[in-house]
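Dear colleague,

I am handing over the structure below, together with notes on what was found in it. Please read the notes with the coordinates open beside them.

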Amino acid sequence: WRELLLNARPELEALGFYFHIEAEFKHHYMAPKHWQANLQHTDHHWQLALTVEANGRNLDVLELLQQLRAFNQTLEQGVYELPDGGGLLVLPEELLGEIAEELADWLDRGQAGEPRPLNQLYRLDALKDILPSTTQWQGGEALQARALELSSSPVMLDRNSCDIRAELRPYQWLGVCWLQHLTAIGINGLLADDMGLGKTLQTLAHLSLEKKCGRLAQPALLVAPTSLLANWQAEVQRFCPHLSCQIVHGPNRHEGWQTNRHCDLLITSYNLVARDIEHWQGLALSWLILDEAQVIKNPRTQNSQAVRTLRARHRLCLSGTPVENHLGELWSLLDFLEPGVLGTQHEFNQYYQKSLAPPVQARRLQQLLKRIAPFMLRRTKTQVAQDLPPKTIIHQTIVLQEKQQAFYEDLKTQGWEQLNQQLNDTDNSGQQQFLLLTALTRLRQACCDPRILHAPEIPSAKTEFCLNMLQELAAENRAALVFSQFTSVLNILANALQTLSIPYLMLTGKSQNRAALVEAFQRGEAPIFLISLKAGGVGLNLTRADTVIHFDPWWNAAAEDQATDRAHRIGQTQPVFVYKLIAQNTIEEKIARLQQAKAAISLQVNHNAQQSGDAFALNLENLLALWQAEN
């Protein structure tokens, strides 16, 4: 009967045959006719009705699926018994299964036909791909056009249209064009490129275009961890000096609030947004940009709730690690950008995070990635490796917290008085150099971590920044080398990594099993290798690492470069990213400038002289100049 009524009947009817079927006939198989999708929308929502015609009736497909879910039924060979003896509707099982999978989160909560936020229009494209090509779409022409915009590729703009003082690589310019595309269609996005691929540069190029197009009449607000504020300001001054920029931080930050309204870019920290929430809520913003946006991964924290209350025409998140522990963190970022885009937090957790069989997990993860594709752009270093330089050096400015800065200033004042007396008591240049070196080293140690100088009550901004960075790298299954001159710094980091349950290896002058440690790292036994600069600066092959962190600056760049080359050497297949952590407003900034001066000298001397170190030795005049500059 099924073969006759489904396959042969259309051909027979075309030849003039007429079929008469009694109502009580139990084998009345019929195929659906006239698939139809009806769209309706208001200013903020859209609604879908999906119907098929069978035996003169219009059946709601979503209601049919809902009933099957409610009674825990499945389609047996794609057959559905119509009510009141209406016959046996044969729906393609594969087709209905794909529709059910695409709308499963709606069906699970019994809201298949309920209105949806406009930012969920990405579902239309998926449904169009599933439904028969003969489906008639009625109404919602603007919605369909909007859905097409969401899935379309960005228009590649003319690079000369941007005033940024930098040569953007092709993938970076694509990122800028993507941000401009989001702006044009009125949605918010997450730029989730890997650490070190230039999210800052892409954002500044984007803001530069915004100003050129007259869309920065109201200021943009960038919220970042405290340690990154100065770095952002320096990057603006370096690449976009035409953008007026102001850091809103410190005890006197309230004094400039009236003039802040006329700035292109305001920069503040997450903690201060929460503390100054009334001010920020009263300020209309063109852009609200969150750097290291994983800070708001928990929507219940004060910082997360504060940024959600700010008024801005556009929002942008920057994060190299949008998911650190679980998918719920991604929901938090997307819900900040586009509230409701992935449903409620509870619904999202139930659908994507509850325990599922592996095949279902994989399928739903792919579905999730497809759904968030219009809102997130992520490139990894592996994907763009051929477009990267062999080595990228990032000078990362670290802002000391208030207690640590005060501790540093007190130490500097005491050292100045004591050293002047000691220098006056001796004419021996060797002794004077030793005294200067000792005083400067204490200041360097204060920049690293006050615990080295027996001040355990004072937190270290640099240690906190480094540990956050190592957690991100470990979460990405990356491998990193951390160099420091001070083994006490490495011990502090080692204790913290142990507390965080992050495997590590450590190499210092006291290590006896140097080769075994190197082999263990190269085999992948730990993602983090802590190394003292003198013990591990030369003679090691550590090509598994793609990231090098110099926790504290050494006196000249040559020693640091040799340490960096433990990873950046023959056999390395990944671009190497080198981070130099520099404490702001401290002796470390002077050391960094000294490094640059000596690096300029290195261009004019031969390789042998550089290797011998004679041209780069730190003499008494260098040390005295550093001390006087700092004081």
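Two rings of Phe, Tyr or Trp (for Trp, its six-membered ring) are taken as a pair if their centres lie within 6.5 Å, and planes under 30 degrees apart count as stacked, those over 60 as edge-to-face and the rest as tilted. By that rule, Phe348, Tyr351 and Tyr352 form one aromatic cluster.

Some ground rules come next. This is a predicted model, in which local features need pLDDT of at least 70 and side-chain atom pairs count only at pLDDT 80 or more, whereas totals for chains, interfaces and linings use all residues. Residues are numbered from 1 along each chain as its sequence is written, and side-chain values use heavy atoms, with hydrogens and water left out.

Aromatic contacts

The count comes to five aromatic pairs. In one of them, the ring centres of Tyr122 and Phe375 are 6.1 Å apart and the planes stand at 85°, so this pair is edge-to-face. The pair links distant parts of the chain, since Tyr122 belongs to helix α5 and Phe375 to the loop between α16 and β15 (376-377), 253 residues apart; helices (H or I, at least four residues) and strands (E, at least two) are DSSP runs numbered from the N terminus. Both Tyr122 and Phe375 are buried, where buried means under 20% relative accessible area, exposed over 50% and partly exposed in between (1.4 Å probe, protein chains only). The rings of Tyr351 and Tyr352 have centres 4.7 Å apart and planes at 85°, so they too are edge-to-face. Tyr351 has 2% relative accessibility and therefore counts as buried, and Tyr352, at 11%, counts as buried as well.

Two charges sit over rings, which requires NZ of Lys or CZ of Arg within 6 Å of the ring centre and within 35 degrees of the ring normal. Lys128 lies over the face of Trp137 at 5.3 Å from the ring centre, and the charged end of Arg544 sits over the ring of Phe521, 5.0 Å from its centre.

Cavity and pocket

On a 1 Å grid over the protein atoms alone, a cavity is a set of points where a 1.4 Å probe fits but cannot get out, while a pocket is an open set with protein on both sides within 12 Å along at least five of seven lines; lining residues have an atom within 4 Å of a point. Points are joined across faces, edges and corners, and a volume is the space filled by probe spheres set on them.

The whole structure holds one cavity of 30 Å³ or more. The largest cavity has about 70 Å³ of space and 12 lining residues, with Asp105, Arg123, Leu342, Gly343 and Tyr352 nearest its centre. Helix α15 gives the largest share of this lining, four residues.

The second largest pocket holds about 540 Å³. Its lining has 27 residues, of which Tyr122, Ala126, Lys370, Arg371 and Ala373 lie nearest the centre. Helices that each supply at least two of the lining residues include α3 (93-102), α5 and α16 (358-372).

Strands

Strands pair if DSSP finds at least two bridges between them. β2 (residues 33-41) and β3 (residues 45-54) pair in the antiparallel sense over seven bridges, forming a hairpin with three residues between them; Leu39 has Leu48 in β3 as its bridge partner. β2 is also joined by three bridges to β8 (residues 136-138), in parallel, and there Gln36 is partnered by Gln136.

With best regards
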